[in-house]
Amino acid sequence: VPASGRAVCGEVTELPDGRFLVEADYEDIPLAFAPRWILNLGWTYDFPVGNMGNFSIGASANYTSKMQTSSVPGFRTDRRSLFLLDAQVSWEHPDGRYRVSVWGKNLNNDIERLSVTPVAFLFAFENPTRPRTYGITLTADF
């Protein structure tokens, strides 16, 4: 029986030929991993720079509203809304053989739990978002 005090499978009704389950209304219990809103916005701008090759600038913003991170609501299973901001700048050689990208992910450093897996009421595994990350990617085609 969950913390709400309701039976998980609904009410049981006796019939002459056996038992069966009756539908129950659980709309007040939030669905796990089902946020109300998921919004994504991204853009990329490519422009050639004469004999120097091509440059590209891009960014993306991702918003997910609050949600439950476990199928059984409990302590620390809710997650607040999450906003992630990513960006990158790239240069590509005129012949297309070389490319350099400088990028950043989660630039606003919004850290929040992505999921919770409780283990026998003893402890729980939590998976967080990645923190702010920067990098350079070098690509060469031979």
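This is a predicted model: local features need pLDDT of at least 70, side-chain atom pairs count only at pLDDT 80 or more; totals for chains, interfaces and linings use all residues.
Residues are numbered from 1 along each chain as its sequence is written. Local features need pLDDT of at least 70 and side-chain atom pairs count only at pLDDT 80 or more, while totals for chains, interfaces and linings use all residues; side-chain values use heavy atoms, with hydrogens and water left out.

**Stop one: arginine 80**

Select arginine 80, in the loop between β6 (78-79) and β7 (82-92). Strands here are DSSP runs of E, at least two residues long, numbered from the N terminus. Arginine 80 is partly exposed, with a relative accessible area of 43%; buried means under 20%, exposed over 50%, and partly exposed in between (1.4 Å probe, protein chains only).

A salt bridge is a side-chain nitrogen of Lys or Arg within 4 Å of a carboxyl oxygen of Asp or Glu. Because aspartate 110 lies in the loop between β8 and β9 (113-119), the pair ties together parts that are 30 residues apart in sequence. Aspartate 110 is buried, at 11%.

Next, show glutamate 112, whose side chain meets that of arginine 80 in another salt bridge (2.8 Å, N to O). This pair also links distant parts of the chain, 32 residues apart. To see the whole network of salt bridges, select Arg80, Asp110, Glu112, Arg113 and Glu126 together.

**Stop two: serine 101**

Move to serine 101 in strand β8 (residues 98-105). Is serine 101 buried or exposed? Serine 101 is buried, because its relative accessible area is 9%. Its side chain makes a polar contact with the side chain of serine 90 (2.8 Å). A polar contact is a pair of N or O atoms within 3.5 Å; within protein, one must be able to donate a hydrogen and the other to accept it, and residues adjacent in sequence count only if both atoms are side-chain atoms.

**Stop three: the rings**

The structure holds 3 aromatic pairs. Rings of Phe, Tyr and Trp (its six-membered ring) pair if their centres lie within 6.5 Å; planes under 30 degrees apart count as stacked, over 60 as edge-to-face and the rest as tilted. Finish with Tyr45, Phe47 and Phe55, which ring pairs link into a cluster.

Technical notes: Helices (H or I, at least four residues) and strands (E, at least two) are DSSP runs, numbered from the N terminus.
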